[in-house]
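We will go from stop to stop, with something to pick at each one.

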Amino acid sequence: MTATSTFFDRHRTVLLAAGALALLTAPFVAYPIFLMKLMCFALLAASLNLMVGYVGLLSFGHAMFFGSAGYATAHAVKVWGFDPALGVLFGAAVAAAIGATTGVLAIRRAGIAFSMITLACAQLVYFIALRSPFTGGEDGIQNVPRGKLLGLLSLQDNLTLYYVVMVAVVAAFWLIWRVVHSPFGQVLTAIRDNEPRAISLGYRVNRYKLLAFTLSAALAGLAGGMKSIVFQIATLTDVSWVTSGEALLMGIVGGLQTMLGPVVGAMVVVTMANQLSAFAEAVMIVQGTVFVLVVMLFRRGIVGEINAFLARRARLGQTPEAAAVPPRTPRAGAVHD
Amino acid sequence: QISDDVVRIGLMGDLSGPYSGNGGPGSVLAAKMAIEDFGGKVNGKPVELLTMDDQNKPDVGLNAARKWLEADKVDAIVGGSASSIALGVQTLMKEKQKPYLIAGTVTSDLTGKACSPMAFQFLVDTYSLPKAGVQTLIDKGIKTFFFVTVDYAFGAALQTEATRFIEQAGGKVVGSVKHPLGTTDFSSYLLQAQSSGAKAIVILNAGLDLSNSLKQAAEFRITKGGQSVSVFGMTINSVAAMGLETAQGLNITVPFYWDRDDASRAWSKRFMERNNGVVPTYIMAGVYSAVTHYLKGVQAAGSDAGPAVVEKMKATPVNDFMSKDVKIREDGQVMRPVYPVEVKSPAQSKGKNDFYTVGAAIPAEKVFRPLSEGGCDFVKK
Amino acid sequence: MTNPAHATDCILRTEGLSKEFLGFHAVKDVSLNIRRHTIHALIGPNGAGKTTCFNLLTTFIPASAGRIYYNGRDITKSDPASVAIGGMVRSFQISAVFGQMSVLDNVRVALQRKAGGTFAFWRSARVLERHTGRARELLAAVNLEPYADLCAADLSYGRKRALELATTLALEPELILLDEPIAGLGHEDIGPVTRLIAQVARDRTVLMVEHNMKVVAELCDRITVLQAGEVLAEGSYDEVSNDARVREAYVGGAHA
Amino acid sequence: MPDTLFGFPLAAIAGQVLVGMINGSLYALMSLGLAIIFGLLRVVNFAHGAQYMLGAFVAWGLLEYLGLNYWWALVLAPLVVGLSGVALERTLLRRLYHIDHVYALLLTFGFALILEGVFRYKFGATGQPYPNPIAGGLDTPMAFFPWYRLWVIAASMGMCILTWFVIERTKLGSYLRAATENPNLVRTFGVRVPRMLMLTYGLGVALAGFSGVMAAPIYQVNPLMGSQLIIVVFAVVVIGGMGSIVGAIVAGFGLGVLEGITKLVYPDGAGMVVFVVMLIVLAVRPQGLFGSLR
Amino acid sequence: MPEQNVPCLEVRGLTGFYGETQALHGIDFVVQPGEAVCLLGRNGAGKTTTLRAVVGLLAKRRGHIAIDGRPTQGMAPEDIARLGVAYCPEERGIFASLDVEENLLLPPVLMPGGMTLEEIYTLFPNLKLRRKSPGTRLSGGEQQMLAIARILRTGAKLLLLDEPTEGLAPVIIEKIGEAIGILRQRGFTILMVEQNFRFASGVGDRFYVIEEGRVAEHFDRQTLATDHARIEALLGV
Ligand SMILES: Nc1ncnc2c1ncn2[C@@H]1O[C@H](COP(=O)(O)OP(=O)(O)OP(=O)(O)O)[C@@H](O)[C@H]1O
Ligand SMILES: Nc1ncnc2c1ncn2[C@@H]1O[C@H](COP(=O)(O)OP(=O)(O)OP(=O)(O)O)[C@@H](O)[C@H]1O
Ligand SMILES: [Mg+2]
Ligand SMILES: [Mg+2]
């Protein structure tokens, strides 16, 4: 296989252990709510990455899943008294349903048209959220209770909640990893590469795309639902196109088509927004500059560039014949960690 | 005993959005001046100012406030945020027992239904603004009204109160239209208002929206059929933004005008020197007043523990360049007088910032909601 | 399968197949009979409608008129994926490979379709390993074995064509539609690929479009000549190549 | 003559149509620029809103600092904005043509953020007034039509027709269309593709600057004016057909009027109507009203 | 007019890379004015890459390339084209957004002496028939004709043709052969890549066999006649 995957394979246990340790100790170093926010956005970005990176369809409306799941969860928990876990699952289900519905319309188109349809759907969802009585308009749904997980474990404490969210997010990432590395993921890659050829081999491509879109929506919904429990509020921001754009920014900064990319991207973007939060114009200027820099200089994103660097280095270290292997490695093998 | 040896004041508001001209960076400057004027220290401990742009988004504001209280050990928050944010922050502050100094948020629920023993309303609210405004119009013999309202808790509250006052006075609201925050094109709404035939077209929004709507009202000669355009609450930056040509003749009520007396002038001059010559709005002045009064409270209490400071603050009358022995009511309302002003015409104006003709002070009791009507739960009946 | 004659004799049959593009008749009233276990060639001058015919047969584009029967079943209103699943698989005239995937994966993705379980997003991709052996065999058959781990996009043009052929064969279709399989191949590859086609055709049926008359002569049992969308002639190579009209319209003087 | 139609006062309807036309003019001008840039460069120019804002600010700056009036601004501001576009294209954008178009989109998005951020930092968000260059208006019994607004409609229409002519009726157009598909091949024909693309981007951006000058006297000149407009304008371009010049113009005016009427009939739906139309159009005719399928 | 002894195209020690992979390992050949030279070789040998290097489409190229004696090192494709070079790519490069006639008229005329639209339509009647159809709606073979026809108009003196007969019916191949004859009479120089040896041997004056990015063999038409057997064996025909 490729040089980079050997690097990751060699250090797999070490890397996984380091990651686990970091996740477990993080809340003692940083403010847990900030970490939870980061995880929710990382999951959102990862769900979007599933569409952009692996299906090749640039969704510009992922906020509609993220935000509406937030509302659904908040409403279910606050008004109907759902258990928080059930509430989050309900939110993800609502997002999946919206995903399946909009997906039917959107996946028939590719390229910019797909992006624009998802944007239009997202704008509609936004206006519905703005106008519906249950969403609280500009005020949002405030004071969402965190409740007790499965009626047992109180989530009032930030630390407890952190570990619960962490487990859920890690599970979701594992699922994404699994999807990408499954027979289904392989078909998605083929469709992205050459759709007519995939059809001619007998793949009913729209079904695969729809399933991928729905999965992606459900995962974005999971992130949105958890966010509303963590922050105890569901608002318009999470359904607005700015959030869709930020999710995309995270993916790009971290690196599309990589597993860790969205995580790193979320870390960069969320931290940046936090550090500069006192002045929105500074956030804009810095975010804009990051966009420009990434696009001009690190097109593969942070993780992508590191991967490429490791690959280059590994190749140089090999025998001359091996080094002569073309640099462009097949995509299916270029996904790591 | 000052917790962790610093008094931390968080200032939150729209620092960059459509309302940032009303308070925004100017409020930050005012807060800084207040701390400097106080000597930068209280009871020998340094005073630190944190600022936060809530971007008019409840989640941004609330998360920031939560983080301030939980992680950054902030002792008090000065807030000029939109109502939806302020209401959430108020709940949070009540829970955490920290003083919340409101200067710039206008919903009257803050001292009413949603009142909190930890909160102070340093300026005017959605009761006092329309109260004065409607009275002026009714006095002119106007009976029919049409509202162009920003679709936001602030607009809704203003409209509800105003409608009540109009109906109490025997007037009639013939229609209203809501517009989203940050609309640029108001002509559609204004034309609807015009064709409703209402004698007074009342624009209930603020900041950028307000300047845009008034400008366009002038452009379309909305008043050519004998209708009038009025606003209830306006900060002076909007007048500067739309120009006297457009704004002339508007009647509003304000708790502060920079050129009203020597004390105001002296402070404002100092302020303008550090603010590119831009005049302070009443919100900025209010922030100064709030911060100063808070620091006095901390000094008197000898501690930054919320309840103790609040007790001292309520017991001491407010005194600064804009307030003279002003009492603070039980529900947190600072009972300052307000001033009716009329915007000058370009011909009347003598200088760059000479905007208003100021009328005689109206005592607080005449404009603020009586304690009994507020429905505040902790107020002893 | 109501009519046993169709099942044993004709695998694909069309009746009056036509296609019109905004008033331009690309294919006009074409009736084809493709017999099972034969190699059938569709030849004709450029723009005669051969590729359009392929597109119609695989329902990539809808017919304006006429019917298509595959194994006796009317598939005129079917969709391309179903047609492929039914066992009729095509290759493209302008080469079509999955450029971002390795050469090996290109073949495996086809094998996988045949094997099923492609919606299994919860399973590990390791289940694909079981196709590796077969995939390498197929690659060896088209001389691509040494390039199995390259990215398909980096292959030269001719090798892409060979890869496409291997992918098509991976599905073990009953009926293969090959659009100019030889075009772009080097001479040294023409022989092996021709033999490969002959070999795979032994237990299936091939319908191919080809301009290389040598290959057509060598491989094909039956030839249909199209011109301006219509059938001009049909018969064995000798019959067709001696037809004066065909010579004039297609073969030209040099090949007489 | 009845003074109502379907229960709405005629005066109000006439007023809304006029107002719709004005918004439509801006939509048309903006989406025209976007359509040119997209149609010819395949770049979704997210900076278009910021460049529109820049046009308005340049006009304001010319007046404030140099005392040059509106008519000067009308010529100079598009020039300045166009040149800034040329600079952006030369230094950054051109390096992205050969890769996925999403990168160009992201670059312009980032550029828009920077531009807006800087102007917000410098001038605040409240906005600057710009005087109306043509005071007064046409006083009809139905409504009062300000001269300036009528001028905006006329000038935009003129500009739209002029641009359409240049792109569709000259050889330049076919070079540009070919160059977007396969720039390298067109270069081997001896066409100076890089320079051509640069000028195209400059032209599209100059149109945004021109719209900005047109808008300055109507709205406040403020750093956020572009970002409020841009999403709707994208929808307009999609409805008209991405890259279709006629489509951009027709959809621009059409949707402006439709939106104006919606504000009267169902004010709550005004923000939504464009997107509803967009969904319907895309479902029925994915290439947009005037677009062509590739 | 170039001097008699200056070659129309001279390539010396040309190396070329795709990213980090080397595709050309030092190619040398010359094309004299008025000649038809043919590059032969297996798939992946580097023939296309050589042509792309000549027209400046291969960014990473080293070595000496001169057109009419002018080195083109570092020149942009459009400037190389203006020296009088036209290229017909293997994958045809027909523009979908232009109709057939627009495709034909697209390349600007670089020099006098090219074919007129009339002449082109007489040569390829199919194109005339479909002239208002979008370019990529043509059949594969028609697209090939269009791609060749397109550069005949420009008057470029050096024509680079990459597999011009691929996918064409025998009759049309004959026509292309005729066209090449006409062009040569008019003083055009032709460098082409061809898999169809039969066709190539009919039109070419000299032949280079490329193998793994190097020139492995070079012969001319005379040799072809005298040493037929050896060459057929070499090429595996
Ligand atoms: N875009 C590319 N990226 C990487 N490698 C490439 C690329 N294009 C071609 N190659 C490689 O360069 C070498 C030469 O390819 P080239 O296309 O020049 O061959 P060719 O002689 O024209 O073959 P064919 O007859 O198949 O067209 C081949 O090994 C090929 O795999
Ligand atoms: N989608 C389409 N729209 C319009 N015309 C088309 C379309 N597809 C094909 N045609 C026309 O139909 C005719 C037949 O095309 P087709 O591709 O079937 O030819 P072909 O026989 O395969 O030729 P070749 O041997 O050159 O590949 C051509 O003249 C072509 O221009
Ligand atoms: Mg064909
Ligand atoms: Mg080649």
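**First stop: strands in chain E**

This is a predicted model, so please read each stop with that in mind. Now widen the selection to strand S1 (residues 9-18) and strand S4 (residues 60-67) of chain E, an antiparallel pair with seven bridges.

One place to look is Gly16(E), whose bridge partner in S2(E) is Leu24(E). S1(E) and S2(E) make a hairpin with two residues between them, and Gly19(E) in the turn has a positive phi of about 60°.

**Second stop: the nonpolar cores**

Select Met234(B), Tyr294(B), Tyr356(B), Leu9(E) and Leu159(E): these have the most contacts inside the largest nonpolar core, which has 478 residues. Helix H3 (residues 32-55) of chain A gives the most to this core, with 19 residues. Another core, of 23 residues, lies apart from it, and Leu17(C), Ile34(C), Cys53(C) and Leu175(C) are among its members.

Back in chain B, zoom in on Tyr356(B). Beyond its neighbours within four places in sequence, its contacts include Met234(B), Ile236(B), Tyr257(B) and Val343(B).

Pick Glu259(D), found in helix H10 (residues 245-265) of chain D. Glu259(D) is buried but has no salt bridge, and the nearest side chain of opposite charge, Lys263(D), is 4.5 Å away. What does the side chain of Glu259(D) make a polar contact with? Select Tyr27(D): the two side chains make that contact at 2.8 Å. Residues that Glu259(D) touches, leaving out those up to four places away in sequence, also include Asn23(D), Val232(D) and Ala270(D).

**Last stop: salt bridges**

The structure holds 41 salt bridges over all chains. Select Lys96(B) and Glu70(B), which form one with their closest N and O atoms 3.5 Å apart. Lys96(B) lies in helix H3 (residues 83-96) of chain B and Glu70(B) in helix H2 (residues 58-70) of chain B, so this pair ties together parts 26 residues apart in sequence.

Then move to chain E, where Arg221(E) and Asp205(E) meet in a salt bridge (3.8 Å, N to O). Arg221(E) counts as partly exposed at 32% relative accessibility, whereas Asp205(E) is buried at 18%. To finish, return to chain B and select Arg66(B), Glu70(B) and Lys96(B), joined into one network by salt bridges that share partners.

Key. Residues are numbered from 1 along each chain as its sequence is written. Chains are lettered from A and ligands numbered from 1 in the order in which they are written. This is a predicted model: local features need pLDDT of at least 70, side-chain atom pairs count only at pLDDT 80 or more; totals for chains, interfaces and linings use all residues. Side-chain values use heavy atoms; hydrogens and water are left out. Two strands pair if DSSP finds at least two bridges between them. Helices (H or I, at least four residues) and strands (E, at least two) are DSSP runs, numbered from the N terminus. A nonpolar core is a set of buried Ala, Val, Leu, Ile, Met, Phe, Trp, Tyr and Cys residues joined through side-chain atoms within 4.5 Å. Buried means under 20% relative accessible area, exposed over 50%, partly exposed in between (1.4 Å probe, protein chains only). Contact means heavy atoms within 4.5 Å. Lys and Arg count as positive and Asp and Glu as negative; His and the chain ends are not counted. A salt bridge is a side-chain nitrogen of Lys or Arg within 4 Å of a carboxyl oxygen of Asp or Glu. A polar contact is a pair of N or O atoms within 3.5 Å; within protein, one must be able to donate a hydrogen and the other to accept it, and residues adjacent in sequence count only if both atoms are side-chain atoms.
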